[in-house]
Each structure stands twice: as C-alpha cells, then as structure tokens.
Amino acid sequence: MSTLPTRVFGGVTVPHNPLITSALAYARAHMIDSLYNHVVRSWLFGFAIADKIPALQDRDREAHSIAAILHDLAWDHTNELISKDDRFEIDGANAARNFLKKEATGPYDKHRLQLVWDSIALHTTPSIALHKEPEVVATFFGIAADFTGVPGAPNGALTQGEYDAIVKEVPRLGFNDDFREVFCGLCRTKPQTTYDNMVGDWVEKYVEGYTRLRGIDMLEAGLEMLG
C-alpha cells in the first residue's frame, strides 16, 4: 500500500488524506461534542500505542483510522444511522461500511471493507478482537485507552506524557456522563440489543427496573421445551 501523507495531531503522527478528513466530518455531523472527541482520542491513542508494537506496525493505517473515527456512529444524535433491532456495534459497523462504499475513491475491496467492519463490530469484545487482524487489534487498543488510561495500555505502550497531550488537544468534555446516558438510552429504546453485550452491565447499575434476559435463560428454556 502506498505511503499516506501524515500530520501531527495531539503529539501523534497520524495519516492525513481526503477520506480521513471526510470521516472526521461525518463523525462530527452525527455526534455531540463529547462523543466526537472520544472517537478522535481513540484514533490518536490507537496510533500512539500500535506504532510501538512490532506486530501492528505494518497494519493498514487508513483502515485503522476510518474504523477508529467511525466506530461509534451508532451514537448518532440525528438517529439517521440507528436501526430498530441491531446492537450498537453492528449499527456502527454498517454505517462505516456504507460511508466507505459512498466516499472511498481508492481500493476498498471486500477485504478492506471487512477489516473496518470487524474493527467496529468487535471493539467491545476483546476476547475475539485481540485474536483478529492488526487493524482490529489496534482499533481496540485505542478505544480501550480512552476508558482505562495509561495503565490499560499493553506493555507500557502509552506514556503519561502522550496521554496528557492527547487529552489537552481533544478534551473529555463530560464524556463519562454522556457515555452512560447513551448506554442507558439504548436500554430504553431497544433493550433486546443489550442482553448479550456490555451495554447491559451499565444498564443493570443505572436503570431502575431493567431486567436482563441472559443467555442461560434462553438456552435453558429451549432445553426444557425440547425435553
């Protein structure tokens, strides 16, 4: 793959081309300030971390950038990108794939589209994501760093100085409360998508009266029916 032009953003060297600029604008149009800043920080953290890990240095940097920037399109404040019955990771992955099909002028074949889709769909499932392609792993590390900070980065791959520079450039702006509200809102609007993922963990803590349908309940009911 040809070398991409770069820029330094928040102290991190990241790719810079028209497609990535369009992805940033697309995310900006669909997200409130604090949630938009989250995806940008996730992108920067991901590059700061992945560029220090030999197994991730040859990743598709444009695909990683697009996945990180668009990974939470399901938090769309316009509701244009939100389905009625898919979990939020799938909504985000589908929206990013649709964006690329419309906006990408370069070679986004089936494999590259799938890399972006998988990076987004699996970003809350590290037990699978960490065994996938470098782009998926790098995307996960960057997103996770916005929740765990320096201690959560693998093998000291994110320094306190790097973390502070990124947050200074792209501040948190009350992200914690807005993030909790998004997850609780998913429970209120489509609770059936929260049973088998991490969303239900937050909702059980913050939403009174929420009852989670567990996998064991569904499987045991089926087994009892079958005899």
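1. In this predicted model, strand 1 (residues 6–9) and strand 2 (residues 12–15) run antiparallel and are joined by four bridges. Arg7 has Val14 of strand 2 as its bridge partner, and Val8 has Thr13 of strand 2.

2. The two strands form a hairpin with two residues between them. Within this hairpin, Gly10 takes a positive phi near 60°. When looking at the strands, keep one general point in mind: in a regular strand the side chains alternate between the two faces of the sheet.

3. Next, the helices. Two packed helices are described by the angle between their axes and the distance between the axes. For helix 9 (residues 175–189) and helix 10 (residues 199–206), the axes come within 9 Å and cross at roughly 95°. An angle from 65 to 115 degrees counts as roughly perpendicular, and helix 9 and helix 10 are therefore roughly perpendicular to each other.

4. Which residues of helix 9 and helix 10 make the contact? Helix 9 contributes Phe179, Arg180, Phe183, Cys184, Leu186 and Cys187. Helix 10 contributes Val199, Trp202, Val203 and Tyr206. By class, this contact has nine nonpolar residues, one charged residue and no polar residues.

5. The largest pocket has a volume of about 290 Å³. Its lining is made of 14 residues, and those nearest the centre are Ala74, Trp75, Asp76, Asn79 and Ile82. Which helix gives the largest share of this lining? Helix 9 does, with five residues. Sorted by class, the lining of the largest pocket has seven nonpolar, four polar and three charged residues.

6. The second largest pocket has a volume of about 220 Å³. It is lined by 18 residues, of which His123, Thr124, Ile143, Phe147 and Met198 are the closest to its centre. Helix 7 (134–148) and helix 9 are the elements that give two or more residues to this lining. Helix 7 gives the most, with five residues. The classes here are 11 nonpolar, six polar and one charged.

7. Helix 9 crosses helix 10 at roughly 95°. Helix 9 also gives five residues to the lining of the largest pocket, and it is one of the elements that give two or more residues to the lining of the second largest pocket.

Definitions and conventions: Residues are numbered from 1 along each chain as its sequence is written. This is a predicted model: local features need pLDDT of at least 70, side-chain atom pairs count only at pLDDT 80 or more; totals for chains, interfaces and linings use all residues. Side-chain values use heavy atoms; hydrogens and water are left out. Axes are lines fitted to C-alpha atoms, for helices over the stretch in contact, and angles run from 0 to 180 degrees between N-to-C directions. Angles under 35 degrees count as roughly parallel, over 145 as roughly antiparallel, 65 to 115 as roughly perpendicular and the rest as oblique. Contact means heavy atoms within 4.5 Å. Ala, Val, Leu, Ile, Met, Phe, Trp, Tyr, Cys and Pro count as nonpolar, Asp, Glu, Lys and Arg as charged, and the others, Gly among them, as polar. On a 1 Å grid over the protein atoms alone, a cavity is a set of points where a 1.4 Å probe fits but cannot get out, and a pocket is an open set with protein on both sides within 12 Å along at least five of seven lines; lining residues have an atom within 4 Å of a point. Grid points are joined across faces, edges and corners, and a volume is the space filled by probe spheres set on the points. Two strands pair if DSSP finds at least two bridges between them.
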